[in-house]
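Here is a short briefing on one protein model. It covers confidence, a sheet and the nonpolar cores.

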Amino acid sequence: MSGAQLLLRRLLEQAGGVPQSEYVLIKNEGGLDELEDELVMGGVRIAVRRVNTEIGLRHVLWKAQGAPLVVLLSKELTERITQAPDLLRRAKNHRVHALSATDVLEAVLGVRVVGPATANMERLALEHLGELTTLVAQRTVPTVLDSRLLMELLVDVCVGEEVRKQSAAELLAKWVTLPAPPKWDESVITLVAETLPQLFGDEGKLLAWAVGDLSQRPKELVVHGALLTVEEQDIPRAAWGMLWEASTKVPLKDMDRRVLRDVLVRLVEETLDVLGDKAAGLLESADGIGKQVLTPKQMQTSSVLPLAFENKCWQLAEDAANGKGILAEHLERLLAHRGARHRGADLEVLTAIARLSRYVQEPVRPGGSVLERVQRYQQNGAFADLALALLQRGLAKTAQFHAQAKQLADRVREVRDEENRRFAEMLAQGYEAALHAEGVVPLHRVWKRMVTPVWDQDPGAKLYVVVLDGCSYPVFIELLQTLAQDSQFALGVKPDETGRVIGLPGLAPLPTVTSHARGAVFLGELPNDPLVAETVFRDQDEARTDKARFQQNGSLVGRQKKLFLKGDLADGGVALMKALGDTAVDVVAAVFNAVDDQIGSANTGAVVRLLPDHIVAFVPSLKAAVEAGRRILVTADHGHSPFVDKERRVGAGKSPRFMGLADGEVAPDGFLEIDVKGLGGEPERRAFAWKCGVYLGSPQVGFHGGCALEEMVVPLVWLERDGLFFDEPLWWYGLGAVPAPAQTKAVLPPWVTPVPTDPVGGTKQKDKQLPLFEPGVRAELLPISAEVLAGLVDDEKRVLVLLWDSGSARAGELAERLGKTPLRLNGLMRKLRLKLFEANLVLFSDEVLPSGEVLYRYQGPDGGGKRT
């Protein structure tokens with residue numbers, strides 16, 4: 001039985017049954033067009049006729065002669081039939097019958113229908129009855145078709161599924177990118193406007209307003225919504241655009257403007273993410289309006305406007321250039337801006353600028369012993385040199401901020417030059433005493449002070465000594481950081497007895513050239529041989545001299561030893577690996593020339609970063625040494641001072657950073673005469689460069705031979721499996737200068753579960769149990785003093801308890817637990833680390849996973865720390 005027959009049967013039932021000698025007048029709508037001319041119901045044949053005029057109706061009635069008859073009237077005739085009362089009087093029930101939309105839908109769709117919510121929905125449902133039938137047939141048949149489901153089905157039929165299946169942001173993004181607005185009639189527009197608030201809540205109300213004029217309003221939402229992202233509460237009405245007036249009318253009038261603004265800002269931010277680069281034109285329009293109606297200060301607080309991002313970048317760069325320290329919070333705010341994702345190179349420069357701006361704010365500490373000056377460089381100056389290198393790399397990728405960066409870099413070098421000058425003056429007052437100062441390890445004493453104590457404790461210990469030719473302390477910081485963050489095979493430095501991770505105070509002898517400094521390493525004494533030019537030594541004397549000196553080392557008498565130089569590594573390190581695995585060899589030493597080869601180049605226009613896996617056989621040899629059970633000692637024969645510019649050339653010379661002085665000759669600018677007392681080559685007057693980047697002769701990537709801290713202070717560390725990289729200074733993370741702690745100690749977690757001390761019956765069990773599910777409440781169980789705990793915010797307490805419970809957690813997991821974005825979580829962790837450091841506490845470490853996500857670990861007694 002067809003749907004039309006079902007409809008007619010229902011109508012006849014509502015009219016009181018099958019007509020006998022009467023006729024039934026029915027309004028012809030809602031799917032009755034498919035009725036045949038005759039219907040059998042209850043054994044009675046009923047004729048079905050369609051008429052459009054009164055004369056036609058009278059003719060049909062005359063022909064029926066009282067037989068059962070159903071007459072379907074057109075819409076026009078139904079309205080005029082009241083003018084023929086005689087026809088109505090003789091009709092069944094004296095009226096024209098009609099089905100409701102609900103009846104029609106139930107009959108056609110075959111499910112119970114809860115009536116459409118509006119007359120517009122009824123009209124559209126009847127107009128699209130066939131499409132609705134097809135759509136319902138393709139889905140799981142519902143028990144009841146309510147008004148909401150019917151509305152969604154009608155939207156699918158009238159405008160497509162994207163309205164229902166896409167998010168509010170995706171829908172708005174689609175509308176603003178359409179070349180022309182869709183041509184919907186008024187009833188469809190009304191339907192969509194009624195549906196959107198039910199699908200998307202408050203965001204749907206904004207979309208419902210936009211549907212009223214799809215040619216203009218969607219763009220109005222995005223453009224003025226971008227302006228409303230500024231943090232200023234009181235902004236001109238012009239920034240609202242059409243939305244100011246619209247907020248007083250349906251569908252937005254029931255939303256407070258503050259709520260409306262919050263909803264709009266959230267919608268616009270998500271829409272811009274969907275649009276990506278396609279949003280450029282809209283944001284440009286927003287910038288144009290913002291220039292006219294907002295102040296520059298207001299514009300800078302926006303998180304999406306390109307002009308705000310640009311202005312903030314330049315403002316930070318100018319502030320840094322003018323001597324103002326840039327806090328980490330300012331940079332994090334910039335990183336959170338939507339424009340940051342397209343300005344990676346500029347942000348790399350600004351990050352380095354911010355760090356250096358904080359470095360120059362550090363108080364000057366002119367005094368101190370040789371040890372204190374060396375350690376001060378290791379913990380501050382070397383990181384400033386690294387930040388300068390990072391700045392140069394960033395500037396190579398962008399044309400922005402070069403003037404500001406140069407101005408700041410010059411100020412940083414002034415600070416560093418002052419440190420170097422005072423250090424050089426201390427050397428000039430007594431070189432031999434300074435080189436052998438208490439606490440300092442000169443390279444020729446490495447074997448006696450570093451290696452011999454190991455053999456005193458374990459005579460059978462096997463060693464692997466690595467010498468990185470020309471590797472300055474800043475370069476080694478980067479190498480170590482990469483090694484320590486290798487998730488598969490991490491190598492680093494263990495914290496000392498005070499909990500700090502810092503290199504040992506190694507010092508290269510003067511002059512800091514390879515022939516002299518490396519000779520001191522392998523001979524175990526300061527060599528008295530004549531100084532040899534770098535190129536000559538590298539090409540002719542290296543293999544002969546270094547190996548001979550290594551065999552003469554008095555600390556290695558009776559020990560089996562092998563030394564591998566650059567030529568010995570030409571096989572890719574195969575022979576080196578074999579030696580490391582040979583238990584008969586007590587000491588394996590290797591020299592890696594990658595850094596020295598790089599700085600010896602004249603390619604000053606290139607900015608190159610050296611990674612551990614760029615050094616042939618370096619990383620494989622470290623892994624082989626660990627697997628063979630060898631202890632690994634890493635050092636360098638000397639550091640280097642990077643090239644700055646050609647204006648720092650002070651004359652000609654065979655060696656770039658030291659020179660002989662004739663009688664009466666005065667050292668050039670940036671050089672200082674130091675009497676090395678015959679401990680550095682032939683006795684003669686010599687001047688050594690202390691100023692950063694000053695050189696004699698031809699330019700090259702890096703220079704050495706002088707007495708600057710970056711040349712004399714060399715890396716000296718024991719590498720161990722799962723070790724850490726060096727502690728960064730406080731200004732590296734964003735804080736200002738604070739007094740160095742007298743002693744920093746690692747804190748152990750409470751391995752014994754605390755015993756409850758509440759009195760029996762003092763608190764309801766339910767009240768005692770509920771706080772256990774909130775990590776922040778249990779922060780008092782951590783081994784932290786009440787004073788330190790009081791200085792932590794709730795989120796910081798929760799993080800510590802979560803790490804204490806689990807032992808480790810990824811940034812994404814912690815962010816999810818705290819309801820924060822990963823970016824804000826990383827900022828929280830940096831601040832927490834600094835707060836704990838100020839209180840002499842080390843509670844967690846971090847490492848970067850291969851996916852790029854940060855993994856945080858609770859710091860226990862063995863570097864792990866999962867509570868049991």
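Two strands count as paired if DSSP finds at least two bridges between them. By that rule, strand 1 (residues 23–27) and strand 5 pair in the parallel sense, over three bridges. The model is predicted. Its mean pLDDT is 85, and 89% of the residues reach 70 or more.

- Five strands make an open sheet with mixed pairing, in the order 2-3-4-1-5.
- Strand 2 (38–41) and strand 5 (91–97) are the edges; each has a single partner strand, so one side of each has no neighbour in the sheet.
- From one strand to the next, the twist averages 25 degrees.
- Helix 2 (residues 54–64) packs on the sheet and touches strand 1, strand 3 (44–51) and strand 4 (69–73).
- The direction of helix 2 makes about 170 degrees with that of strand 4.
- Tyr 23 stands opposite Ala 91 in strand 5.

**The nonpolar cores**
- The largest nonpolar core has 129 residues; Tyr 464, Phe 592 and Phe 726 touch the most other members.
- Helix 21 (residues 370–395) supplies the largest share of this core, twelve residues.
- Leaving out residues up to four places away in sequence, Phe 592 touches residues including Tyr 464, Val 466, Leu 569, Ile 615 and Phe 618.
- Another core, of 73 residues, lies apart from the largest one; among its members are Phe 200, Leu 214, Leu 221 and Ala 279.

Key
Residues are numbered from 1 along each chain as its sequence is written. This is a predicted model: local features need pLDDT of at least 70, side-chain atom pairs count only at pLDDT 80 or more; totals for chains, interfaces and linings use all residues. Side-chain values use heavy atoms; hydrogens and water are left out. pLDDT is the predictor's confidence in each residue, from 0 to 100. Helices (H or I, at least four residues) and strands (E, at least two) are DSSP runs, numbered from the N terminus. Axes are lines fitted to C-alpha atoms, for helices over the stretch in contact, and angles run from 0 to 180 degrees between N-to-C directions. Contact means heavy atoms within 4.5 Å. A nonpolar core is a set of buried Ala, Val, Leu, Ile, Met, Phe, Trp, Tyr and Cys residues joined through side-chain atoms within 4.5 Å. Buried means under 20% relative accessible area, exposed over 50%, partly exposed in between (1.4 Å probe, protein chains only).
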